[in-house]
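Visitor: Show me the model, please. I will ask what stands behind each label.

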Amino acid sequence: MPSFEPHHWLLLSYVTVIFGVAIWMAVLAVDSFRATYGGVAGAVTVEDCVYADTEDGSRWTCSGPFVSADGAVRIDAVKLTPRHGDPLEDGVTVTGRVSSPTADTLHTDGRFWMWGTGFTVLFLGIGVYSLRSALRIEREVATPPVDPELAAISARARAFLIEWEHVLAPSAPAAAAPPPVSIVDGPKRANLTVGKVLIGWLLLVLTIAGTVWHLMEWERQEVASLTGQALGTVTGARLGAEDRIEVAYHDATGAEWRVRWKPVDPDSYREGGQVPVRYDPAQPYAVMPAYPEFFEIEPRGREVLVHLVLLPGYVLAWAWTWRLGRWLLGARRRGRPAEAWVMVAQRHWGIEPTSFWLELRDADRIWYQRIVWDRRLVRRLAGDPAGGAQLPLSVELRRCPGLRRMYLVDVAGVGRLWPASTARTRPRRNYQLSPVELHLFGLAEPTGRHLAILLALTVLAGGGWLLAGPATAAYLLALIGGYRLWGGGAPWRGFYALRR
């Protein structure tokens, strides 16, 4: 049976959202196609416009009653598609087509179905690819039973072949392979790498908490500034497709202001009724109902954007906490001996190594596991006579509890290597594993690259500062560093120079 870890469920949740967006876009595309090629032509008299803060800027969704060109079809309220950059004035007439007499959308662009179809195919492709990644889970391969008689015959055959290899070997003496390093006298304590991991996790959690606190404080100050009180009058009810009401109120100077809200129960608010409101005397247009629980108040664009920015931090912090828990429980288990080869991973399309992996050989099985990069490991390899590339290391493996394999690896002369991924029976397809080349380390990094990275991080931190204060700027920097540390740390040449 395949085994699922928490990140698999997170990926499945992401796939569900992607497929939901694809279905939604497909419904819009089909409705637009039906309206363009066989719908009902007519016009909508704009009655209400609702503001939405999107990635493309401020957008307004307007709505109103629809009347067909021949007057035979009337719909109480339909929404205009696509959205408008500026709100339309009440009473403006917009022509278009609806897909049927019971439709709720007026299509003003005959090519919208093409864009909808394209986005549907795009999201379906992303969803299918992500679903394949979520379901591509390593299975535990059970070792089949071996017939003792066949095993004895195989052993004799291997011994015979080895004997003939020695007979046919060249007369020149071959260099003896260095013996594996003994782990008996090697340290088994945790080295300093785990401290860096804990600091990265703690910084991420603290900056997330700081950003949430800053956002809550900003919302509290916004509400606290609404010290003015007035009694508004409902001047319009059931406006547009949202069934909103329009409320007119007067500030302390006697000036009249108007605002529109969507009540929870539209039947409770009729024209001429009164609604108590609170407003900011310095900015009378900043207003809220005195009893917001009776209205569906849409969150401000800034709040939505901040929560979207915090979403990857939530996922990373939660997954990181789960991994640290597995480490803690795995450190209490008894280790068993094995051999390991240190490999460096490089993407097929990349030019530099990206992470360190271990090739673990345990009980006739081979596992590949990414580890948190540690400078001591490179120093240990640099001190080997063979350069460390082909020298097997005697290690002790401590399996962390969980559905999928994960090992804490104790190496003589180095300490404990902390896993940055689960153990796999084969390396990932987009990576190429090769022996460590020590000449890649210790080289000077171009100054231009340092400046480009520094400039990018400065722009990122500045954007976070403008969005929600210094806590968000620190959060974005902690998120970038935490993501790199979560993946094991990239051994870039300049940033991870080998020093003795």
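Guide: Start with Val344, which sits in strand S12 (residues 336-347). Strands here are DSSP runs of E with at least two residues, helices are runs of H or I with at least four, and both are numbered from the N terminus. The model is predicted, so local features need pLDDT of at least 70 and side-chain atom pairs pLDDT 80 or more, while totals for chains, interfaces and linings use all residues. Residues are numbered from 1 along each chain as its sequence is written, and side-chain values use heavy atoms, with hydrogens and water left out.

Visitor: Why is Val344 called buried?
Guide: Its relative accessible area is 8%. Buried means under 20%, exposed means over 50%, and partly exposed is in between (1.4 Å probe, protein chains only). Val344 at 8% therefore counts as buried. Its C-alpha atom is 5.6 Å from that of Leu433, 89 residues away along the chain.

Visitor: What makes Leu358 buried?
Guide: Its relative accessible area is 1%, so Leu358 falls in the buried class. Leu358 belongs to strand S13 (residues 355-362).

Visitor: Which residues does Leu358 touch?
Guide: Leaving aside residues up to four places away in sequence, they are Trp341, Val342, Trp367, Tyr368, Gln369, Ile371, Val409 and Leu417. Touching means contact, with heavy atoms within 4.5 Å. Leu358 and Ala423 are 65 residues apart along the chain, with C-alpha atoms separated by 9.3 Å.

Visitor: Is Thr193 buried or exposed?
Guide: Buried, because its relative accessible area is 4%. Thr193 lies in helix H4. Beyond residues up to four places away in sequence, Thr193 touches Val372, Trp373, Asp374 and Trp418. For Thr193 and Val372, 179 residues apart along the chain, the C-alpha separation is 7.4 Å.

Visitor: How do you know that the length of helix H8 agrees with its residue count?
Guide: H8 covers residues 470-486, which makes 17 residues. The expected span is 1.5 Å times one less than the number of residues. That should give 24 Å, and the end C-alpha atoms are 24 Å apart, so the two agree. The buried residues of H8 are Thr472, Ala473, Tyr475, Leu476, Ala478, Leu479, Gly482 and Leu485. After H8 comes Gly488, with a positive phi near 105°.

Visitor: How do H4 and H8 cross?
Guide: The axes of H4 (residues 193-224) and H8 come within 8 Å and cross at roughly 150°. That makes H4 roughly antiparallel to H8. The axes are lines fitted to C-alpha atoms, for helices over the stretch in contact, and angles run from 0 to 180 degrees between N-to-C directions. Under 35 degrees is roughly parallel, over 145 roughly antiparallel, 65 to 115 roughly perpendicular, and the rest oblique.

Visitor: What is the hand of the crossing of H4 and H8?
Guide: Left-handed. The term applies if the near helix is turned anticlockwise from the far one by less than a right angle; clockwise is right-handed.

Visitor: Which residues make the contact of H4 and H8?
Guide: H4 contributes Lys196, Val197, Gly200, Leu203, Leu204, Thr207, Ile208, Gly210 and Thr211. H8 contributes Ala471, Thr472, Ala474, Tyr475, Ala478, Leu479 and Leu485. The contact has ten nonpolar, five polar and one charged residues. Ala, Val, Leu, Ile, Met, Phe, Trp, Tyr, Cys and Pro count as nonpolar; Asp, Glu, Lys and Arg as charged; the others, Gly among them, as polar.

Visitor: Why is H7 called oblique to H8?
Guide: H7 (residues 447-468) and H8 pack at about 140°, with axes 6 Å apart. That angle makes H7 oblique to H8. Their crossing is right-handed. Leu457, Leu460, Ala461, Gly464, Trp465, Leu467 and Ala468 of H7 meet Pro470, Thr472, Ala473, Leu476, Leu477 and Ile480 of H8. By class, this contact has eleven nonpolar, two polar and no charged residues.

Visitor: What makes Arg238 partly exposed?
Guide: Its relative accessibility is 39%, so Arg238 counts as partly exposed. Arg238 is in strand S7 (residues 228-239). Its phi is positive, about 50°, although Arg238 is not a glycine.

Visitor: And why does Asp243 count as partly exposed?
Guide: Because its relative accessibility is 25%. Asp243 lies in the loop between S7 and strand S8 (244-250). Asp243 is not a glycine, yet its phi is positive, about 55°.

Visitor: Where is the cis peptide bond?
Guide: It joins Thr81 and Pro82, with omega about 5°. Pro82 is in the loop between strand S4 (74-81) and strand S5 (93-98).
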